[in-house]
Amino acid sequence: MGSAGRTVTRVRGLSIRFGDAVVVDDVAFTVAAGECLAIVGESGSGKTLTGRALLGLAPPGAALEATELTVTGLDARRYTERDWRRVRGSRVGLIAQDALVALDPLRRVGAEVIEAFEVHAAPGRARMDAAMRRSRVIDLLRRVAVPEPELRARQYPLELSGGLRQRALIASALSGDPVLLVADEPTTALDVTVQRRVLELLAELKRSGIGLLLISHDLAAVAQLADRIAVMHHGRIVESRPTRELLSAPEHPYTRMLLDAVPRPDVRAEAGDGEVVLEARSVSKRYPAPGRGVRRAVDGVSLQLRRGQTLGIVGESGSGKSTLARVLLALERPDHGEVLLEGAPWSVLPERRRRTRRHALQLIDQDPFGSLDPRFTIAHVLHEALRLNDTGNGGRAGARDRVERAGALLAEVGLETGLLSRRPHELSGGQRQRVAIARALAREPRVLVCDEPVSALDVSVQAQVLELLERLRDERRLSMVFISHDLAVVSRLADHVLVMRDGRAVEQGTAREVLRHPEHPFTRELLDAAPRLPSP
Amino acid sequence: MPPSSPDGGRAAKRVDTRRSASQTSLSAPPTSLVARALGRLGGMLLVMWGATTAGFIALRAIPGDPVDVMLGVTASVGESVRQQIRVEWGLDEPPVVQYFTVLGRLVTGELDSYQLRQPVMTVIADQAMPTLQLTGLALVFALGLATVGILLARLPALRPMVSTFELALVSSPTFWIGLVLLAVFGYQLRWFPTAASAGLPALVLPALTLALPLTGIVSQVFRQGIGHAESQPFALTARARGISDVRLLSRHSLRHAAGETLTLSGYLVGSLLGGAVLVETVFARQGLGAVTVRAILGRDLPMVLALIALAAAVFAVINLLVDLLVARIDPRVRMAG
């Protein structure tokens with residue numbers, strides 16, 4: 001715990017405006033050495049900007065005001081760009097959002113890791129000794145527990161896994177020996193098991209005396225690491241207290257809302273057995289691997305999905321979940337095995353004969369922004385789906401009727417009909433995902449295949465979208481294949497769970513069996529690694 | 001089922017075994033290197049063949065008798081002499097036979113120009129130097145001026161000016177730029193000769209004429225590339241390390257922009273070759289551009305085909321070099337290949 005170290009940063013009355021829009025409003029906090037303060041809020045709450053203010057990296061056009069802004073005891077309010085450059089990397093390090101793209105893809109990991117050190121720690125020295133550089137890089141990579149540091153230093157970021165890239169990014173932030181680290185969503189893009197290790201690494205850094213400002217949308221992810229949590233909402237800190245207190249007795253209603261939104265492993269009552277609507281019989285899909293050989297993306301997986309039920313598929317990135325989804329959707333033909341839709345052949349048919357039945361099987365993708373045409377209005381998106389369905393069913397419903405039905409669909413997914421004239425970029429992430437769901441419903445599907453449908457969303461929005469999917473499933477008696485890396489999310493909806501690893505189904509059973517009595521060690525590891533709020 | 005122990009670095013290792021496959025392909029030369037080189041060479045020959053064939057068809061499709069053009073409008077020559085010329089040049093043969101004869105001679109280098117009555121290879125060899133000097137200097141000018149523009153545009157105050165200037169250069173036709181340069185620096189200021197065709201001073205204005213439109217394009221694309229690179233997340237990380245603007249440019253964004261600009265090289269070479277035709281005409285210079293114009297006007301089929309084959313070869317070689325360079329700059333390209 002943060003045994004009162006000296007204060008490394010103190011902020012009071014911090015406001016950031018873009019023109020008339022106040023994005024950060026009268027924010028105050030301190031971070032001491034060896035302490036972790038977490039700022040938690042939804043996207044757009046101003047938390048990222050607040051973190052950037054500590055490095056003087058507010059984007060152009062932002063007007064910044066503060067009654068106090070000290071970094072390592074020095075007043076930073078009047079800092080020029082040149083002053084800030086001396087602070088960045090040497091006193092304050094940034095672990096930027098989105099570890100996968102935060103390192104320069106064209107430079108070797110070693111060069112990226114050493115850069116801050118080169119800039120700050122060796123002033124005057126025209127050229128640093130190559131041997132000294134190398135040993136410094138290796139030391140830094142060792143410090144963040146990167147295996148085979150000599151090899152990794154020579155590689156490029158894209159040759160590293162997500163977890164290693166995040167470690168290399170942390171090493172690069174540590175390179176100039178900062179006393180304060182600003183970590184913006186350091187675990188968001190990572191698999192659960194990798195997430196846990198990165199959090200452990202950050203905890204270690206904290207113990208070594210570094211002050212840590214952790215920024216996240218996910219209360220559960222920060223709960224273990226943070227000494228104090230500041231909840232940010234619409235640019236203001238609405239509640240700021242020690243972690244344990246805040247979690248056990250939240251005062252502000254918004255904090256309570258965030259807490260409720262955290263998915264908890266919770267098994268739903270089992271539904272009765274309906275008929276099998278979708279079935280895979282030991283399907284396999286192989287791809288040529290880089291170099292020689294093949295990669296078994298999906299390896300002999302069998303599954304059954306019954307009417308009105310949800311099958312959750314859990315696994316880490318690269319485990320073959322999405323390939324399996326593509327095989328089920330008959331977007332990929334399996335090399336072995338067969339997929340049956342409503343008891344009839346599906347994967348073996350030629351596409352021409354599948355087309356009339358495609359409406360029964362609809363996809364909800366992770367990234368609704370990518371799956372909605374940016375030039376189409378929402379009305380256009382829905383009309384297209386409706387028209388497709390009308391011609392497919394032989395019916396000739398008129399355009400007037402379609403307007404009405406599009407409105408009804410939006411209402412069904414909890415959106416106002418006023419959004420019909422908007423385009424995707426004018427909607428929030430949650431609204432876009434609802435539109436994607438409405439579009440799928442327009443085809444009157446019997447099965448929804450949801451591939452990480454809430455992974456790109458804030459925790460609070462996640463909860464709402466999950467609720468919607470749950471309601472639709474029950475009202476429309478839909479069956480769902482629900483793919484996620486997050487066991488807690490899956491457990492909320494799933495009747496059956498299938499755990500995938502390296503293309504194989506390592507464990508399969510009812511949600512109750514798998515989550516309460518996991519048999520495979522990998523399932524147990526996934527369950528342990530899932531960030532969880534300490535039970536009150 | 002894969003053996004699994006609750007070992008700390010397992011998930012990372014698992015992914016790493018998969019990555020190391022691509023890692024080997026990066027450092028060790030793949031065994032198929034020879035096969036790939038042969039493939040590239042084959043592709044190059046195919047492009048040259050396709051281009052010459054298309055040229056042959058196009059030239060044959062133009063109505064009229066090439067012998068008329070060869071002899072000139074004013075010549076009054078009897079039909080028997082004309083026939084003799086036809087036989088001499090093989091123009092009496094069916095088109096297919098002509099095609100293969102021309103192609104065969106092109107490959108062996110025995111093709112003769114109708115107009116100049118000497119081997120096309122000799123003509124090209126003689127005329128290549130002036131054009132190489134012209135295009136070479138133009139390239140130097142274009143890259144130099146573009147660099148100046150890019151550096152000036154780093155200052156926010158000058159950016160709109162640079163961008164307007166770029167647009168003006170890109171939009172102006174080459175021959176017009178040439179005439180303006182001639183009028184101002186040649187006739188008015190008399191800094192450079194207007195008629196001489198030898199020596200460096202005589203080369204400056206033509207090269208500049210050729211260079212200016214390219215400057216606009218290169219500078220535009222390069223600045224866009226830099227802007228794109230610096231809006232990416234890694235640029236924020238880099239700035240958060242306390243690096244200067246100069247270092248951000250030299251160590252990070254320049255490399256990204258260079259990769260994007262290199263893919264423009266094919267277009268640049270095309271502009272240089274096409275521009276040489278115009279510039280050599282406007283400045284009355286010798287060179288391959290002038291030869292091209294004369295060959296086309298004179299329906300000198302062998303000469304035109306040889307020039308087409310040459311241009312195709314130049315394009316193919318440049319594209320090969322660009323591919324190698326881009327792979328050198330961007331490890332992502334290397335690994336995908």
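Student: Why is Ile138(A) called partly exposed?

Tutor: The model is predicted, and the label rests on a count of C-beta neighbours. Ile138(A) has 17 inside 10 Å. Buried needs 20 or more and exposed 12 or fewer, so with 17 Ile138(A) counts as partly exposed.

Student: Where does Ile138(A) sit, and which residues is Ile138(A) in contact with, leaving aside neighbours within four places in sequence?

Tutor: Ile138(A) belongs to helix 4 of chain A, residues 130-143. With those sequence neighbours left aside, the contacts of Ile138(A) are Pro149(A), Glu150(A) and Ala153(A). A contact requires C-beta atoms within 7 Å. As for His496(A), which is 358 residues from Ile138(A) along the chain, the two C-alpha atoms are 46 Å apart.

Student: What makes strand 19 of chain A largely enclosed by the rest of the structure?

Tutor: The strand covers residues 479-484, and six of the six are buried, so strand 19 of chain A is largely enclosed. Both faces take part: Ser479(A), Val481(A) and Ile483(A) point one way, Met480(A), Phe482(A) and Ser484(A) the other, and all are buried.

Student: How do you know that strand 14 and strand 18 of chain A pair with strand 19 of chain A?

Tutor: Pairing requires at least two bridges. Strand 14 of chain A, residues 310-314, has five bridges to strand 19 of chain A, in the parallel sense. Strand 18 of chain A, residues 447-451, is also joined to strand 19 of chain A by five bridges, and these two run parallel. Both pairs therefore meet the criterion of at least two bridges. Within strand 19 of chain A, Phe482(A) is the bridge partner of Gly312(A), and Val481(A) is that of Val449(A).

Student: Which elements make the right-handed β-α-β unit?

Tutor: Strand 18 of chain A, helix 17 of chain A (residues 459-476) and strand 19 of chain A. The crossover is called right-handed because, with the strands pointing away from the viewer, the path from the first strand over the helix to the second runs clockwise.

Student: Which residues have the most contacts inside the largest nonpolar core?

Tutor: That core has 220 residues, and those with the most contacts inside it include Val449(A), Val481(A) and Val222(A). Its largest share, 12 residues, comes from helix 9 of chain B, residues 200-230. Setting aside residues up to four places away in sequence, Val222(A) touches Ala38(A), Val40(A), Leu214(A), Ser216(A) and Ile229(A).

Student: What is annotated as "transmembrane region" in chain B?

Tutor: The unreviewed UniProt entry gives that annotation to several spans, among them residues 136-155 and 303-326 of chain B. In the model, residues 136-155 of chain B are 85% helix and 0% strand, with end C-alpha atoms 30 Å apart. Residues 303-326 of chain B are 100% helix and 0% strand, with end C-alpha atoms 34 Å apart. Chain B as a whole has 15 helices and zero strands.

Student: Where in chain B does pLDDT stay under 50?

Tutor: Over residues 1-31 of chain B. Helix 1 of chain B, residues 10-27, has the lowest mean pLDDT among the elements of that chain, 36, while helix 10 of chain B, residues 233-239, has the highest, 92. Where pLDDT is low, predicted coordinates should not be read in detail. The mean for chain B is 81, and 87% of its residues reach 70 or more. The model scores ipTM 0.74 and pTM 0.75.

Note on methods. Residues are numbered from 1 along each chain as its sequence is written. Chains are lettered from A and ligands numbered from 1 in the order in which they are written. This is a predicted model: local features need pLDDT of at least 70, side-chain atom pairs count only at pLDDT 80 or more; totals for chains, interfaces and linings use all residues. UniProt positions are given in the numbering used here, feature names are shortened, and annotations may be inferred rather than shown by experiment. A nonpolar core is a set of buried Ala, Val, Leu, Ile, Met, Phe, Trp, Tyr and Cys residues joined through C-beta atoms within 7 Å. Two residues are in contact if their C-beta atoms, placed from the backbone, lie within 7 Å. pLDDT is the predictor's confidence in each residue, from 0 to 100.
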